[in-house]
Amino acid sequence: MPKTNGEITTIEHDDKEYKKNSSDIKINNNTSGNYNNDNNNTNKENNSNRNKSAVVTSALPYANGEIHIGHIASTYLPADIFTRFCRLTGRDIYHVCASDDFGTPVLIRAEKENKIPAEYVDLWNKRDYDDFKSFGISFDFFYKTSSKENIEFVQYVFKRLYENGYIYEQDVIQFYCQYDDKYLPDRYVIGKCPNCAAENQYSDLCEKCGKVPDQILDPKCAICNRPPIKKSSKHYFFKLSNFSLQLKEWLNSNTNLQQDIRNYVINWIDDGLEDWDITRDLSWGVPIPMPDAKGKVFYGWFDNHLCYISTLNTYIQKQKESSGIDDGRKFWNDSEIYHFIGKDIVYHHYLFLPAMRMGIDEEYKLPDYIPTRGHLMLQNQKISKSRNWYISLRDFTSAFNPDYLRFYIASIAPYSQTDVNFDWDVFSEKINNELIANIGNFINRALYFVQKTFDSKVPQPSSEYDLEDRNSIAEIEKIADEVGDLIYRNEFDRALKRILKFATHFNQYFQKKQPWSNEATANTTLFIAVNAVRSLAIMLEPFIPISSEKVWSQLGISNNGNSDAGGNSSNTRNDNTNNNSSSNSTDRNNINNSNSNNNNSIHKQQWKSASEIKIPSGHILGRVEPIFRKIQPKDIELQKTKLGRQEQEQQQ
Ligand SMILES: [Zn+2]
Ligand SMILES: [Zn+2]
């Protein structure tokens, strides 16, 4: 953390701190063994918590740019897979998120576009939510840090910290523009990069070389281009250093946390924690509720993670009529708390966030889990918006089935901070060879055979099962627990591999039994195969919800009530109850809810029933057609040419 001892350096800024911290992170590429040991040790304990209610949060997206595949890979997809799985297990679980509306980068972008900040962030809040929705991210509630509820909550937390003696005031020297009569945060100071000599770079980030300048040369005010002066300003500090011992105790005792992260966070603490400057001299932010703090707001990282709590509280209030739960704090404290993040914000989530909760006497409990994942590289290069080396979610979903990205990323991203690489060729191979040629092939083959040969009616099996039939039934019977254990442990890549193995088994079963030439056994083969399709659909719901809904409808379960194949009376949560939310709080119903009143919906099944033979003989299938479309080489070539294009054009 940057020193804040009053010497002539400017105040730390979001991005500056961010960069420094992420470069501190040592990645151990050989960690999978550790995780397994860790998880096995805690498995027994975990099992007893699996039915507990849960709150899942995803790191908040900045309200100043579009969501891209990197965000999805580290945070939103893992959180969504986990949440969808828990819903299927019948767990009472809420996934909340919000746009991160405050901060200097947001303010600068708004000014550039001649919009007032509140209007600007509203546009991004809506846009982000729509993008998430099109990708099947099923938030229960997506709110905003600039909400009235969050502002009140942040001010409340500050007052409590102040009363408890964890806040003090100190003068800080920073850049000040006399002409604009403004203190200038880092983003408002531009100059020459000391590393690469590029002109007109931000003092907290050189966009040319990507480095964080220690001290920008020839500083100028970004608004009027005049040189600023240095001036003293009174700031509020949070006594982070007071919590060193308590943080260490917590980190050591919480065995759910990933071990290697735990270790290096403890190393940071051992190096000595600095107190934390939580003030910015800005107009856009949560106002500091002190009589002499006019024109000062909280630093974005003071308010944004508090929004996890204020958003949950707001949602509980909106839901209370239908859910019968009206005490957000009690719900939070009775639940398991999961904060899904990318590794670049480890510092904030393993230190600031718990320390602040400790500072208010753990009125809201500390997290049980902080699932933390590495960065996504794109074609082996760092994702960069300024170099146009990224794929926005919107671009992706306009070209491909969103489930393809979900499937691909889930299959390559381990539960660790190891960076993973998005490669267009590998993407195409995985989709064509694994999702389509394995999973899709089996589903289509089995269902199409029943449609063609048995007039869409699931046949009656014989009373005698042979060895292969019995092995296949056994495969169905164990699959829900095996895959479920892996998902519960956040090992989605391994869970997906297990599902692929299941599909391989059934492709082989079908091939061996040759129902097209074995009339005597075809009935049994197809009866078992159709039930295996049903198991697949349920297990794939967390991963590829849009496609599994299609499989479900082809199975004929979602639109006819004659089967006991659907139905899940115990899981009656109603996601459709926040329709009366104000325009600002947005209607956060997700893709799940198109069928939310229909208990036959794939999204309302019981996970465990993936291991049951539920489709009876005589059941009529829906209309069968291919679920997936193969990716063609030309589709991939087109995508590759888009990357970095803008930069080349500019250089010419
Ligand atoms: Zn530079
Ligand atoms: Zn100026």
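In what order do the strands of the open sheet of four strands stand, and is the pairing parallel or antiparallel?

Author: The order is β5-β4-β9-β10, and the pairing is antiparallel. Strands here are DSSP runs of E with at least two residues, helices are runs of H or I with at least four, and both are numbered from the N terminus. Two strands pair if DSSP finds at least two bridges between them.

A word on the basis. This is a predicted model, in which local features need pLDDT of at least 70 and side-chain atom pairs count only at pLDDT 80 or more, while totals for chains, interfaces and linings use all residues. Residues are numbered from 1 along each chain as its sequence is written, chains are lettered from A and ligands numbered from 1 in the order written, and side-chain values use heavy atoms, without hydrogens or water.

β10 pairs with strand β9 (residues 229-238) in the antiparallel sense, over two bridges. In that pairing, F237 has D277 of β10 as its bridge partner. In general, strands of a sheet pair through backbone hydrogen bonds, parallel or antiparallel.

Next, the helix on the sheet. Helix α6 (residues 148-163) lies across β4 (167-177) and β9. Its direction makes about 125° with β4. Such angles run from 0 to 180 degrees between N-to-C directions, with axes fitted to C-alpha atoms, for helices over the stretch in contact. Contact means heavy atoms within 4.5 Å.

S310 belongs to helix α10 (residues 306-323). Leaving out residues up to four places away in sequence, S310 touches E149, N150 and F153. S310 is buried, at a relative accessible area of 3%. The cut-offs: buried is under 20% relative accessible area, exposed is over 50%, and partly exposed lies in between (1.4 Å probe, protein chains only).

The zinc ion (ligand 2) is coordinated by C177 (SG), D180 (OD), C221 (SG) and C224 (SG), at 2.0 to 2.3 Å. Donors are N, O and S atoms within 2.8 Å of the metal (3.2 Å for Na, K and Ca); water is not among the atoms, so sites may look incomplete. The angles among the four donor atoms are 99 to 118°, and the site is tetrahedral. Four donors count as tetrahedral if all angles lie between 85 and 135 degrees. The ideal for four tetrahedral donors is 109.5 degrees. The donor spacing in sequence is C-x2-D-x40-C-x2-C. C177 sits in strand β4 and C224 in the loop between β8 and β9, so this pair ties together parts 47 residues apart in sequence. C177 and C224 are both buried.

The zinc ion (ligand 1) has another set of donors. C193 (SG), C196 (SG), C206 (SG) and C209 (SG) coordinate it at 2.3 Å. This site is tetrahedral too, with angles of 101 to 115° among its four donor atoms. Here the spacing reads C-x2-C-x9-C-x2-C. C196 lies in the loop between β6 (189-192) and β7 (201-202), and C206 in the loop between β7 and β8 (217-221), so the pair ties together parts 10 residues apart in sequence. C196 is partly exposed, with a relative accessible area of 35%. C206 is buried, at 0%.

One backbone point in β8. D218 lies in this strand. D218 has a positive phi of about 55°, although it is not a glycine. Most residues other than glycine have a negative phi. D218 is partly exposed, with a relative accessible area of 49%.

Last, the setting. The protein chain has 21 helices and 17 strands. Of its 652 residues, 60% are buried. Among contacts between residues at least 6 apart in sequence, 78% join residues at least 24 apart.

Notes
Tetrahedral: all angles 85-135°; square planar, octahedral: opposite > 155°, others 65-115°.
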